[in-house]
Structure formats: C-alpha cells, structure tokens
Amino acid sequence: MKIILLQPPSPPYMNVKRDYAGGMGVADPSIRSTYGHDKEYIILPYMSLLYSAAILEKEGYEVSFVDGQTENLNEGQVLEQVKKIGPEVLISVVNLPSIYEDLNLLKIIKESFSVLKVVAIGTVTIPLYKLIAESGAVDVIIRGDAEAILPDLFKYEDKFEIQDGVLTNKYFGRIKDLDEYPDLPYHLVPIDDYWYHVFGKGVKYAPVFSSRGCSYRCYYCPYPMGFGDKIVYRNPVKVVDEIENLQKKHGIKAVLFRDQVFTMDWARTEKICDELIKRNLKIEWVIETRLDRVNEKLLRKMKQAGCKRIHYGLESGDPKLFSRVGKDQAEGRMEKLIRNFSLTEKMNIGAHMFILIGLLGENWQTIHNTIKAIKRIKPLTIQVAIVTPYPGTGLFNEAKQKGLLLNENWSQYTGFKPVLRTEELSGEELLKARNLIISEHKKAVFWKRKIHKARLFMRYIKDGSIYGRILLKMKFSKRAKSILCKILFRTQLIYVYRALVNKKLGNPVRILSMHRVIDGDEFKKRIFYLKRHYNFISLYDYIGYLKNGNSLSKNSVVLTFDDGFKDIFTSAYPCLKEEGVPFSIFVTTGFIGQNGVMLSWDEIDKMSKDSFVSWGVHSVNHRVLTELSLDEAEREIVDSKRELEKRLSRQIDIFCYPDGKYDESIKKILVKNGFIASCATGRKLNYGQVDIFGLKRIPFDSEPIERFALRVAGRT
C-alpha cells in the first residue's frame, strides 16, 4: 500500500509553526497570497507526522513524505505530487489557525482523486472533531497520538467506528514507550532545508524528543492535550545514539529538543549531558523547560554538553496572577525563578523568556508588574504573546462561560491576536499592553544588547566567520556584494580576516571548489586576477607538502571541480590551459554524458592528455555514502575508480565524498581499495578538509572561486 504523509503548506497570508502550542500550531502573518511558506520563516516538521511515517515504513508500507512548507508548494504543486506518487492513503495534519484552509486543501485533494482515502491527525482533532468531520474533506479522523493509532487502522477494524459520517478510533491512544519507536525517517524529508533562528541559516539541525508529555496542569496550556498528561521518557543512551546517527548520516550540527519540560528529571538530564560529553559530538542544542526545574550544577553540566539556549516560560511578572492560573506555588517562589534565569545567563547559556498576557485576572497593574520584572531580569530576548484560549483547555471553557471570548473564528487563534478579553482589559488594550512591554524591554536591554553584539563580533572575527556572516546577511545584488568586497580589501579588514582564518586552520593553502562555469569570459577575468596575486599548485603538490614536507609556493591555491559538468571542458579548460593553471576534476562516473550537461568520455579523453589536469572520483551516482549499506557504498566507490582507471589508463587514488559526508567505515573502504587521500567539500560545509590516509586530516577554508576572485579583484 502506498501512503503519503503530508505536512500542508502554510495558507495564504500566514506562516504556521505546526508543531508548536502542543500541536495546535501558532501563526505569523505573511504577504504571500498563495499556499506556500516564506523562506525566511523557520521550518520544522510536525513531529507526530514524522513519527507516524517511521512506524508505517517499519510496518512495510510504501511511505512518502510531502513537506509542503519546506518545499514551498502551492495548491497545484501539492496535487502534482499526489498524482505523481499515486497513493491509496493520504495522512495530513490539521492545525488550529490554519484549519479552514487545511481542510479546503484536503477537500480539493479528495475530490481530485476519488480512490484516495484522506486521514486527518493533529491535536485539533480532539476539541474540533465535529467541524473536521462535517467539512467533507476527510474519510478518517485520528484522535490522540497518531503514531500509536495509525498502524491499527489498516489491521484492526474493530478498534474504529463511524461517527458523524467519518471513521475514527474508539479509544484515544497515547505513546507509552518512546524507545520502542524507530529512528525518525529524515531520509524521507528535505532536512537540508530545515533551519532554526537560534542556530541560523546554513546550520543544519534536527528536532529530537528525549521525553514527551507534561504532567503540570496549567489550565491555559494545550501541552497535556497534545502530548499527553504523563511524561514518557527515553533512555538517555538511545537519545544520544539518535543524535550521533543524525550527525553521521545527515551532517547535523544542532538539535532542537522538543521536550515540553526537558529538565524535569535532573538525574536523567545529567545522563544525557554525560553521554554527549563522553562521545565529544560537539552538537549545539536548545531546550524548553520551567524556571523551577534547573539548578547551578545542572546548568554547568548542560553548558559543557553544548546547550546553547534555554526557553523559559515566566508568563507573568505578577506572582499572584501566576499562581492563580496554574503555576503551582509560584507566588512564594518568584525570587527563586528570577535567580535561576540570571544564573543561566551567568553560565553563558542564552536565556529566552516567554511572556503571556491576557490571562484571566490581567489588568494594568499586573501588566506593570510584568514590566518591573523584565526590567529587573533584563532578558536579552523575549517573546510576548497574547494568550490564546485553545479549545479543549480549562481557560477556553471558563472564558466562554464568562462571555469573555471575542470570537470563535479559529483563523484568529494564532497566538498573537486578542481573541478574548479579561475582566478589565479589552482586546485593543491587550494589544497596547503587548506593544508597551516590547518597548520597555528594548529600553531595559539597550546597552546589554550592544555589549552582546560586540562580543559576538569579536568571536566571529576570532573564528574566521565574520566575512561569510556579512555576506549571508546582505540582501543586495551581486554587484553590491562585489563593492563590499573591494571596500573590505582596500580598508585592509580582509587581511585581518584571512590571517585569523589561516591561524585557526593551521593551513597556508586555499582550496577553491567549483561545480559549474556558466560565464567563460567572467571566469577568465577571475583566473587572471588570481594569477597576479596567488600561485596555483596541483592537488598532488599539496598532498606532497602535507605528506612529505615538500616546499610550497607562497600564497598557494588549489583549484578543483566536482561532479564533472560539460562547461569544465567548454568554458574553463581553454582558459586554464592558456594560463597554465593546474586543476583537478572529481568525476561522477555514472553521470558521464548525461543529458548533454555532463562531460562526455571524448572530452575527458582530450583533457586527460594534459599533465596539468589531475583526476579523482566522486562515486558512481553521487549518492550520500553514509545513507547506504557498506556493501552499496563500496560498490559506489570501487566501480567509479575502476571505470575511470580503465578509461584513462592511470591510477586513480583520490576520492571526493558526495555532499562532504562520510564516516570512519567509508574511510576504511577507501584505504582498503588503494586511495591515498580524500577531500570533503560542499556548499553547506563551513570548512572542507583533505585527509591524507595514515597521516593527518587538514581542514581548509573552502569557497567558490567566483567569490574568492571577486575579493582578489578588489586589489586592482
């Protein structure tokens, strides 16, 4: 059976974080008038949907995951994906602020493919079951943890019944043991495109559960409804096993723990930290927890293990209001909570504060008490939300009973719009209060932010990333970036950057990596500039320097090409031959002659006659080796080596890893099959490396020749 799991695109004029608010979802406005998802808006999968994919794949079903948000799909593109895959079942999440548009999209899909069965999951299916059932958009509604229920849907009909014209589970299912579930199937999703604002764009991350559920009874919170009111813990070793696997297979550098209260069990949290430290994974991570569930010893251990930031829910700075709405005994412990927040910052862990206004009992006095608390604590970052009375929570029921709801238009329940008033404050006054808190916070932390930015600037200079960060932030044309490059050179700032990078890497050689040469004339100009200021050496010259201590020209650079595109021969080769520039080509042998855009064997034969061209292999089909079995990986490596050696009648002994991904097992295969060195480069790697087998691994600051030559051009 073919099954599609769909994370729907965000609706028009809205960007949805579907996994937030206990799976209800929160939303920010967008100017986009179609289905899709704004690229600058953070992306993460709906975790229950991803777990469901893992379970169904393990059960033997043919599973596809369509991520409409990450892939920025519009309505028509979603239909094209469904048509292309041809599933019998489509499983989709439905969220609160996007419920009308989510159901509209599912209805279009259902009507377009009459044989398709549509299944709705999500926290919202519990309180708004009837609305979903009567929409005509779905055939099945799953209430509770979808991953615990879906496998029964195709096997045990007696566990389901017809209600309001749709099939649904008779009993709510909850996850009882997270360790029983397989690893999340990130091979099904575009994980390379996920990004999270704390880590920044270009830093690959993955969401991970180390526990699930919340046993607290905050009456405004949907967590217990969405994730369960009892905490289910995973084995700390298995948690770190998953993280290590994600690092090796997908190259992740950061983890967002999706636990509702990560530090609920202090001893268990320390075990996770100890395991991360022991394995030296060097992973950054972010958590969410309560201010009363940390202490100095734990925070110190978390920092050592890579904790980058903690999200705390202070909610209100008024202790009486805080206690009254479900934060147990908060009234007598406000001072301790404030101390724990400050202690987190002293440990050099980022401390982010959630403020929630509009709880019942809120008035201008409680608002000012919150402002006073913010001025005392001075959190560097805060998020100020207007309370959303989520259907199914105690707050919703009480607010409705008291007539305090402003509307029940679920598209307004975004987490930031007033949809209820308090006994003393109107919706408009709550918006004013939110703006006032944000304004007062900015004043309170003005100098703290300036100092923080100065420290970051110095750190980025020290680690050599300042230049790349500047370019990444710039939203200007290529010409504008070129002008900035020239300014940096002429003010000598770039020399400081380069010296610090080379000092950090301990490597005097730059390796310039390329794929395509679209504009031959522009390429020729840049090679001319580089030849005036640098000395080109071959990759084998560089290996000789590393391995045998051979002499090295000052300002040496190595030029390499990955994959084997045709324009290496048509655009780059004539120029490089004329200028006498040595270069290396890593060929993906299975792509040779493909679609008229890759090098042909005749073109390879012609270039192989020139001694200044050296050759390596990039596998047969450019498959990520760490995602294959060892036998498959060895075939990719050995078959490419043999084919190129047979054609060129020479030994091929350098390998370039597809996407820069490898592990020790892959390295052993290379050594076993006669390779003397390997390269790891890639657009998403901060640094590349040359690995001389039996000697050492040398990192290098790799960048495309276009960008490097632009900077050099600034000297003329």
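Ile-3 sits opposite Val-63 of strand 4, in a predicted model where local features need pLDDT of at least 70, side-chain atom pairs count only at pLDDT 80 or more, and totals for chains, interfaces and linings use all residues. Residues are numbered from 1 along each chain as its sequence is written, and side-chain values use heavy atoms, with hydrogens and water left out. Helices (H or I, at least four residues) and strands (E, at least two) are DSSP runs numbered from the N terminus.

Strand 1 (residues 2–7) and strand 4 run parallel and are joined by six bridges; two strands pair if DSSP finds at least two bridges between them. Both belong to an open sheet of seven strands with the order 4-1-5-6-7-9-8 and mixed pairing. The edges are held by strand 4 (62–67) and strand 8 (160–163); each has a single partner strand, so one side of each is left without a neighbour in the sheet.

Strand 10 (residues 205–208) pairs with strand 13 (residues 254–257) in the parallel sense, over four bridges. Ala-206 has Val-255 in strand 13 as its bridge partner. Strand 10 is covered on both faces: Tyr-205 and Pro-207 on one side, and Ala-206 and Val-208 on the other, are all buried (under 20% relative accessible area, with exposed over 50% and partly exposed in between; 1.4 Å probe, protein chains only).

The structure also holds two cavities of 30 Å³ or more. A cavity is a set of points, on a 1 Å grid over the protein atoms alone, where a 1.4 Å probe fits but cannot get out; lining residues have an atom within 4 Å of a point. Grid points are joined across faces, edges and corners, and a volume is the space filled by probe spheres set on the points. The largest cavity has a volume of about 110 Å³. Its lining comprises 17 residues, and Tyr-46, Ser-48, Thr-123, Gly-144 and Gly-226 lie nearest its centre. Helix 6 (residues 223–227) gives the most to this lining, with three residues. By class, the lining of the largest cavity has six nonpolar, seven polar and four charged residues (Ala, Val, Leu, Ile, Met, Phe, Trp, Tyr, Cys and Pro count as nonpolar, Asp, Glu, Lys and Arg as charged, and the others, Gly among them, as polar).

Glu-603 belongs to helix 22 (residues 601–608). Glu-603 is buried, with a relative accessible area of 10%. Its side chain reaches the backbone nitrogen of Ser-600 at 2.9 Å. Leaving aside neighbours within four places in sequence, Glu-603 is in contact (heavy atoms within 4.5 Å) with Lys-566, Phe-569 and Met-598.

Methods. A polar contact is a pair of N or O atoms within 3.5 Å; within protein, one must be able to donate a hydrogen and the other to accept it, and residues adjacent in sequence count only if both atoms are side-chain atoms. On a 1 Å grid over the protein atoms alone, a cavity is a set of points where a 1.4 Å probe fits but cannot get out, and a pocket is an open set with protein on both sides within 12 Å along at least five of seven lines; lining residues have an atom within 4 Å of a point.
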